[in-house]
Amino acid sequence: MNSTIQHMLGRVGRYVFLSAVLGFFAIPLLWLATAPFDRTPKITTSMPDFALDNFRALLDNPYAVNSLLNSIYLAGGAAVLVVSFAALAAYALSRVRVPGRDALLYGLLLLSSIVTGTATMVPLFELAFRLNLIDSRLGVILIMSGGLLPAAIFILKDFMDSTPTSYEESARVFGASPLQIVRHIVVPVVRPGLATVAVWTVANVWGNFLVPFLLLRSPDKAPAAVIMYTLYTEGGQANLSLLSTFSLLYSLPVVLMFVFVSTRYGFRFHGGIKR
Amino acid sequence: MAAITMSELTKVYPNGVRALDALDLQIADGEFFALLGPSGCGKTTLLRTIAGLEVATGGSVHIGERDVTDLQPGRRDVAMVFQDYALFPHMNVRDNIAYPLRIKKVDRRSRHAKAADTAGGLGLAQLLERRPGQLSGGQQQRVALARAMAYTPQVFLLDEPLSNLDARLRLEARTFLKRLQRDLGVTTVFVTHDQAEALALADRIAVMEGGRIRQVGTPVEVFRRPANTFVAGFIGSTPMNLLDAQITDGVVRVAGAALPIPEHAEGLVADGEHVTYGARPEYLDYWPAEKSGALPGEVVVVENLGSSSLVSLDLPGDVGTMQVVVPEGQEPQPGDRGWAVPRPGRALLYRDGSLVTTSVPAQAAPPVDHEVLVGDTPSSGTLSS
């Protein structure tokens with residue numbers, strides 16, 4: 001009897017704890033969902049007094065919508081660069097025996113976390129300045145890509161390694177050229193891996209604040225992550241109506257992309273190779 | 001269609017492993033040829049070197065009149081079916097079969113017609129829209145064969161064609177494959193580690209060990225007259241009995257018994273010589289009563305093989321164990337004393353591991369000092385497994 005009560009209390013305690021943890025994570029998201037539709041948004045989550053005024057105010061902001069387009073441009077550009085270069089490098093590293101290959105990969109991986117980190121911002125700024133890439137979106141794309149490439153190569157190499165070489169050898173015996181093999185066989189087979197890397201790159205660039213903040217001078221080139229920083233009232237207070245609305249618009253594309261990619265490419269091929 | 005000629009073919013891997021050792025082999029036009037051997041003997045390397053997927057370190061490969069030693073795989077006019085079939089998972093059966101024609105830049109309509117035609121001939125007509133993942137193992141194999149056939153090559157190369165099928169399907173596929181090869185008449189080389197598969201399918205077999213060919217011959221030749229003790233132990237679903245023997249006074253002395261000298265070795269062995277006496281369990285008759293010219297022993301194990309039984313006899317004086325196939329209804333009991341009588345013309349004598357013959361074998365193998373442990377020879381796949 002005693003043990004039953006103890007058991008019950010244990011369960012109650014566990015669920016109370018889980019609810020508290022869940023609430024801790026859920027309430028900010030709830031705020032993000034309700035505050036943009038509130039006539040007077042506050043820092044607390046409450047039932048909204050429904051209105052779309054905040055969206056109108058945001059459209060009046062000269063940089064808000066444009067910054068989202070900038071974000072798409074930067075993220076898309078980096079994704080294209082990272083996926084194409086990482087795919088080629090990963091394929092070569094997976095199929096060709098290079099002495100010291102693993103050391104090279106791990107070394108790059110280690111250094112890559114530094115490249116887009118705070119520590120190298122001064123030399124990177126200096127480099128961009130000499131290359132005339134200050135206030136250039138291309139500069140941001142190149143620096144972001146450089147930082148993300150090693151990890152992307154690492155992820156994709158794993159995908160390539162798990163693809164049997166007999167697919168490619170089979171095509172080779174039929175006379176396919178290396179480029180044909182990549183186009184007809186390798187890319188379609190590792191497509192889930194390419195999609196993963198593309199999504200990962202977009203999410204990384206989308207969320208990065210430091211690199212575009214330092215390298216882009218004119219506000220009309222700044223991406224959403226930087227513009228969000230400027231949404232203050234004249235009094236220096238955070239402009240909650242703009243900030244909440246903009247945050248919602250800022251997160252939606254990434255969420256939609258995840259949903260789209262996981263339904264489109266989330267599947268894995270089965271069969272064709274008898275194990 | 002073409003013959004394949006390999007001369008002095010050598011392949012040394014970067015890590016120093018000598019997978020092929022100055023190998024000479026000729027495969028005739030239209031022949032169904034098996035490369036047989038235990039794993040690591042170089043048979044797959046040889047197949048891949050013919051395909052061009054491995055570059056030979058030395059020697060040459062000719063297909064027909066052409067020297068293809070340095071040609072890219074795609075220019076050798078060979079088609080290969082891989083052990084895992086390597087069907088492209090993102091293409092349906094039609095596109096898979098038509099892929100070689102896509103590379104040859106045949107237009108879509110005619111390559112699809114050709115694919116449908118080839119698939120129809122192999123009973124795949126209903127499956128053209130399916131992905132490889134939706135096919136059974138046997139169907140996948142036939143798609144892989146259809147893809148190779150659509151290429152219309154001079155040579156087919158098959159890597160372990162039956163190993164990925166379950167036992168029942170394997171027998172079916174074996175018959176199917178032999179018939180298909182006969183109908184097409186294209187030179188076909190296949191690799192297998194299963195001696196039963198090689199005996200059943202091939203017109204000729206090359207038995208390989210350590211990058212060298214130990215014997216080339218028809219299934220009957222390699223089964224009845226293995227050129228050396230390695231082949232003798234490898235071929236046959238029950239390994240050949242190999243017993244230490246000595247020639248004395250014109251007879252072979254094995255475990256205390258006197259046996260007549262086998263016909264093939266008559267006049268070629270001298271008194272006092274140490275030899276190995278070989279006799280297949282299938283070529284020994286079991287006698288329950290004493291008999292001259294027979295090996296005596298004590299029955300230790302009786303294994304039922306279905307229509308016959310495999311009887312193991314312990315030879316006197318710790319010489320070893322010998323196995324005899326006994327027809328059904330005549331099985332002895334463990335503990336019985338029995339005599340094994342070699343059938344005339346089927347027993348063999350080996351000297352230093354090689355068959356005692358007048359002619360020097362074409363593939364002179366270096367004398368290998370085989371530990372002769374009867375009943376401990378490498379086990380091989382059986383027909384009934």
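The model is predicted, with local features requiring pLDDT of at least 70 and side-chain atom pairs counting only at pLDDT 80 or more, while totals for chains, interfaces and linings use all residues. Residues are numbered from 1 along each chain as its sequence is written, and chains are lettered from A and ligands numbered from 1 in the order in which they are written.

Let us begin with chain A. It contains twelve helices and zero strands, where helices (H or I, at least four residues) and strands (E, at least two) are DSSP runs numbered from the N terminus. Of its 275 residues, 32% are buried, that is, have 20 or more other C-beta atoms, placed from the backbone, within 10 Å of their own. The C-alpha atoms fill a box of roughly 75 × 70 × 35 Å along the principal axes.

Chain A meets chain B through 20 of its residues, which are in contact with 26 residues of chain B; contact requires C-beta atoms, placed from the backbone, to lie within 7 Å. On the chain A side, α7 (165–173) and α8 (178–189) are the elements giving two or more residues, and α7(A) gives the most, with six.

Turning to chain B, an open sheet of five strands runs in the order β15-β19-β16-β17-β18, with antiparallel pairing; strands pair if DSSP finds at least two bridges between them. Its edge strands are β15 (284–287) and β18 (321–327) of chain B. Within this chain, six bridges join β16 (residues 295–304) to β17 (residues 308–314), and B:E303 has B:L310 in β17(B) as its bridge partner.

How values were computed
Contact = placed C-beta atoms within 7 Å. Buried ≥ 20, exposed ≤ 12 C-beta atoms within 10 Å, placed from the backbone.
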